[in-house]
Every structure is written in C-alpha cells, then in structure tokens.
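Me: I have a structure open and would like to talk through it with you. Can we start with the ligand and then move on to other parts?

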Amino acid sequence: MMQEIEIIDIPKIADPDGRGNLSVIEKEVLPFPIKRVYYLYDVPSSASRGGHAHIELQQCLIALSGSFEVVLDNGSERKIITLNKPNKALIIPNGIWRELENFSSGSVCLAVVSAEYAEEDYIRDYQDFLAFKRK
Ligand code: TYD
C-alpha cells in the first residue's frame with residue numbers, strides 16, 4: 001500500500017566556492033511530463049490547503065523554503081510526510097487524497113504537475129473520494 005508515493009532526491013549542485021546550492025528538475029527527474037508549475041506562499045500556520053484528490057493528475061511537491069506537512073490518504077491508509085528540504089520532492093500519484101498543513105512562517109510549496117488546470121479532474125469531497133476508490 002502507498003508504495004507509489006515516494007520521496008525523490010532532486011540533484012543538488014553545491015558551489016565549490018561556497019556560493020550556495022542549485023537544484024534542477026530536468027524531465028527525467030520526475031516520473032511524468034511537466035505541464036504546469038504553481039506555488040503556495042504566505043499560508044497562515046493555521047490554514048489547511050489541498051483537501052482533494054485528482055482523478056488523473058500526478059504531482060510533485062517541494063518545500064522550496066520552510067516546512068509543511070502533507071497528509072496522504074489512499075482510501076484505506078493515512079500517512080503524514082514532512083517536507084522541509086528544497087532538494088527532496090514528494091511524488092503524489094493520481095487517486096490520493098492530500099491535505100497540506102502546519103506551514104512554517106515564510107514557507108513556499110512548489111507544485112510541479114502533469115496536467116493543465118481542470119476542475120473536472122478534482123475530487124473535492126472526501127465521501128466522493130472513498131466512493132471513487134471503491135469503484
Ligand atoms: P485549490 O486547488 O482549491 O487550492 P489548494 O488545493 O492548494 O488549497 O485552488 C485554489 C483556487 O485557485 C481555486 O479557485 C482554483 C484556482 N486554481 C487555478 O485557477 N489554477 C491552478 O493551476 C490552481 C492550482 C488553482
């Protein structure tokens with residue numbers, strides 16, 4: 001269960017002269033072709049984002065700055081993953097309910113995803129999600 005959810009390393013290029021790090025996502029880093037990028041920022045620590053699943057869309061989440069927690073639910077199991085490193089990417093396949101919580105001050109969540117925005121691809125009701133998973 002949940003074996004399809006994974007955390008992958010994004011290549012990190014450390015500067016030999018101490019000028020900091022550079023990470024790059026080229027197309028072979030992710031298990032899907034990149035169609036869209038968006039990001040969450042200025043999220044209050046009390047806020048919950050996500051609260052949906054996707055029928056087809058696959059995505060990758062990265063804490064570009066700060067940290068936040070991702071609650072993942074495949075319809076029968078839940079787990080919580082903390083993201084807090086700019087060179088670690090959480091891969092969320094389609095058919096997984098997710099909630100993003102406990103954003104640290106100044107955190108930025110980058111989402112790199114496999115499809116253009118389409119509201120028809122969202123399941124925004126948890127009971128609908130469970131019914132979808134039972135099909
Ligand atoms: P939503 O998916 O509800 O945010 P989250 O799941 O991160 O809490 O999106 C918030 C609003 O932004 C909603 O009205 C849809 C809109 N939106 C776009 O127009 N384009 C996009 O690419 C995304 C991700 C959201």
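**Ligand site and surroundings**

Reply: Bear in mind that this is a predicted model. In it, a polar side-chain atom of Tyr 122 lies 3.5 Å from an oxygen atom of the ligand.

Me: And what about Arg 124, how far is an N or O atom in its side chain from an oxygen atom of the ligand?

Reply: For Arg 124 that separation is 3.0 Å, again between a side-chain N or O atom and a ligand oxygen. Arg 36 also has a polar side-chain atom placed 2.3 Å from an oxygen atom of the ligand.

Me: How much of the ligand does the protein bury?

Reply: The ligand taken alone exposes 540 Å², and the protein buries 60% of that area.

Me: Which residues sit around the ligand?

Reply: The residues around the ligand are Arg 36, Tyr 38, Leu 40, Arg 49, Gly 50, His 52, Tyr 117, Tyr 122 and Arg 124. By class, this shell divides into four nonpolar, two polar and three charged residues.

Me: Which strands each supply at least two residues of that shell?

Reply: Those are strand 4, spanning 36-41, and strand 5, spanning 49-54, each of which supplies at least two residues of the shell around the ligand.

Me: Why does Tyr 41 count as partly exposed?

Reply: Tyr 41 counts as partly exposed because its relative accessibility is 49%, and the partly exposed class runs between the buried limit of 20% and the exposed limit of 50%.

Me: Now the backbone: what is phi of Asp 42?

Reply: Phi of Asp 42 is near 55 degrees, which is a positive value in a residue other than glycine. As background, most residues other than glycine have a negative phi.

Me: Where is Asp 42, and is it buried or exposed?

Reply: Asp 42 has its place in the loop between strand 4 and strand 5, and Asp 42 is exposed, with a relative accessible area of 70%.

Me: What about Asn 102, what is its phi and where is it found?

Reply: Asn 102 has a phi near 55 degrees, a positive value in a residue other than glycine, and Asn 102 is found in the loop between strand 10 (97-101) and strand 11 (108-113). At 44% relative accessibility, Asn 102 counts as partly exposed.

How values were computed:
Residues are numbered from 1 along each chain as its sequence is written. This is a predicted model: local features need pLDDT of at least 70, side-chain atom pairs count only at pLDDT 80 or more; totals for chains, interfaces and linings use all residues. Side-chain values use heavy atoms; hydrogens and water are left out. A residue is near a molecule or strand if one of its heavy atoms lies within 4 Å of it. A polar contact is a pair of N or O atoms within 3.5 Å; within protein, one must be able to donate a hydrogen and the other to accept it, and residues adjacent in sequence count only if both atoms are side-chain atoms. Accessible areas come from the Shrake-Rupley method with a 1.4 Å probe; for residues, only the protein chains shown count as cover. Helices (H or I, at least four residues) and strands (E, at least two) are DSSP runs, numbered from the N terminus. Ala, Val, Leu, Ile, Met, Phe, Trp, Tyr, Cys and Pro count as nonpolar, Asp, Glu, Lys and Arg as charged, and the others, Gly among them, as polar. Buried means under 20% relative accessible area, exposed over 50%, partly exposed in between (1.4 Å probe, protein chains only).
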